[in-house]
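These are notes for a colleague who will work from the coordinates. Please read them with the structure open.

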Amino acid sequence: MAFAPGVSAEELWRTLPPTPAPIGSHGGSIEINGIHLFYTEIGVGPPVVLLHGGLANSDYLADQARALESSYRVILVDSRGHGRSTRDQRPFSYDLMADDVVALLDHLRIDRAAIVGWSDGGIVGLDLAMRYPDRVTRVFAFGANTKTSGLQDDFANNPVFAAYMARAGRDYARLSPTPNEYAAFQEQIDKMWQSQPNWDDAQLRTIHAPVWVVDGEHDEGIKREHTEYMAATIPRAGLLILPNVSHFAFLQDPLFFNDAIKRFLAGDLERQR
């Protein structure tokens, strides 16, 4: 792993390791909800959908897919407008991205799936648990927020997050069907972040699927008190803070991160025996 100047091996949270190689397995692009949505899948077993964060793409979670493939049918998705997926003229919203996931599940003839989401992907997972409770078995929500007030005011200026945003721009130019439109895409995502999500306590208390609220000890973007609030408000939710990592824990310490996912998902395996 490469470290920034002045960063020791003990400070994983100050690094941004390389994006993993993509999963080269079954999948493709399907036309749903007015867009072409890219997905790929690997493995056999109970279905698990991996949802990436804002500005990113499904390649970021490829290590997690590889870690789960021996026990699960893992579906990775490029959210609308991200990665290899297209977007339409509608403003970005978590409801809209959740609707896309349900349409994909319908296409794959999957009745219910577990959701593992990072950042915006975790928010989409919680959106699904509230609006489509019969389609979700459980939600692992890492680095998510349920109110805009849960975001750190200056997260975009953090060096690691700034490096991520620069990488995301290069990825967009390489993967997107509209490679020259990153500035417009980023502006639209910024507008969503400024206004969404804003769920009240009553909405969060409608979630009945098992949920783990997870974050890194040094998350650049999410306030710790907000993460603790989420876990205290969602019924029976678990709270897990991963040490020595940040909003990019799945890259910084993938073995530890993957172990946490496996332990969470094991509840689904036990129920099916």
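The points below cover the basis of the values, then side-chain contacts, cavities and backbone geometry.

1. Basis. This is a predicted model, in which local features need pLDDT of at least 70 and side-chain atom pairs count only at pLDDT 80 or more, while totals for chains, interfaces and linings use all residues. Residues are numbered from 1 along each chain as its sequence is written, and side-chain values use heavy atoms, with hydrogens and water left out.

2. Strand β6 and Thr137. Helices (H or I, at least four residues) and strands (E, at least two) are DSSP runs, numbered from the N terminus. Thr137 belongs to strand β6, residues 136-142. Its relative accessible area is 10%, so Thr137 is buried; the term buried stands for under 20%, exposed for over 50% and partly exposed for values in between, with a 1.4 Å probe and protein chains only. A polar atom of the Thr137 side chain lies 3.2 Å from the backbone nitrogen of Ala114.

3. Aromatic pairs. Rings of Phe, Tyr and Trp (its six-membered ring) pair if their centres lie within 6.5 Å; planes under 30 degrees apart count as stacked, over 60 as edge-to-face and the rest as tilted. The count by this rule is 20 aromatic pairs. One of them is the tilted pair of Phe140 and Phe264, with 5.8 Å centre to centre and 55° between the planes. Phe140 is in strand β6 and Phe264 in helix α9 (residues 254-271), so this pair ties together parts 124 residues apart in sequence. Phe140 is buried at 0% relative accessible area, and Phe264 is buried at 3%.

4. A pair within one helix. Tyr182 and Phe185 also form a tilted aromatic pair, at 6.0 Å centre to centre and 50° between the planes. The two residues are three apart in helix α5 (residues 182-195), which means that about one helical turn separates them. Both Tyr182 and Phe185 are buried.

5. Charges over rings. The criterion is NZ of Lys or CZ of Arg within 6 Å of the ring centre and within 35 degrees of the ring normal. Arg84 lies over the face of Phe38, 4.8 Å from the ring centre.

6. Salt bridges. Side chains of opposite charge can pair when their charged atoms come close. With a salt bridge taken as a side-chain nitrogen of Lys or Arg within 4 Å of a carboxyl oxygen of Asp or Glu, the whole structure has 16 salt bridges. Arg205 and Asp201 form one, with their closest N and O atoms 3.9 Å apart. Arg205 is partly exposed at 48% relative accessibility, and Asp201 is partly exposed at 28%.

7. A salt-bridge network. Which residues are joined by salt bridges that share partners? The network consists of Arg80, Asp88, Arg90 and Asp100. Within it, Asp88 meets Arg80 at 3.2 Å, N to O, and Arg90 at 2.7 Å, N to O. Asp88 is buried, with 17% relative accessible area. Arg80 is buried too, whereas Arg90 is partly exposed at 38%.

8. Cavities. On a 1 Å grid over the protein atoms alone, a cavity is a set of points where a 1.4 Å probe fits but cannot get out, and lining residues have an atom within 4 Å of a point. Grid points are joined across faces, edges and corners, and a volume is the space filled by probe spheres set on the points. There are three cavities of 30 Å³ or more. The largest cavity holds about 160 Å³ of space. Its lining has 19 residues, of which Ser119, Asp120, Leu151, Trp193 and His247 lie nearest the centre. Helices α3 (120-131) and α4 (159-175) each supply at least two residues of this lining.

9. Backbone geometry. Most residues other than glycine have a negative phi, and most peptide bonds are trans. Gln196 and Pro197 are joined by a cis peptide bond, with omega about -10°; Pro197 is in the loop between α5 and α6 (201-204). Leu55, not a glycine, has a positive phi of about 75°. Leu55 is in the loop between β3 (47-51) and α1 (62-68) and is buried at 3% relative accessibility. Asn244 has a positive phi of about 65°, lies in the loop between β8 (238-242) and α8 (249-252), and is partly exposed at 22%.

Technical notes
Polar contact = N/O pair within 3.5 Å; in protein donor to acceptor, adjacent residues only side chain to side chain. 1 Å grid on protein atoms, 1.4 Å probe; cavity = no way out; pocket = protein on both sides within 12 Å on 5 of 7 lines; lining within 4 Å.
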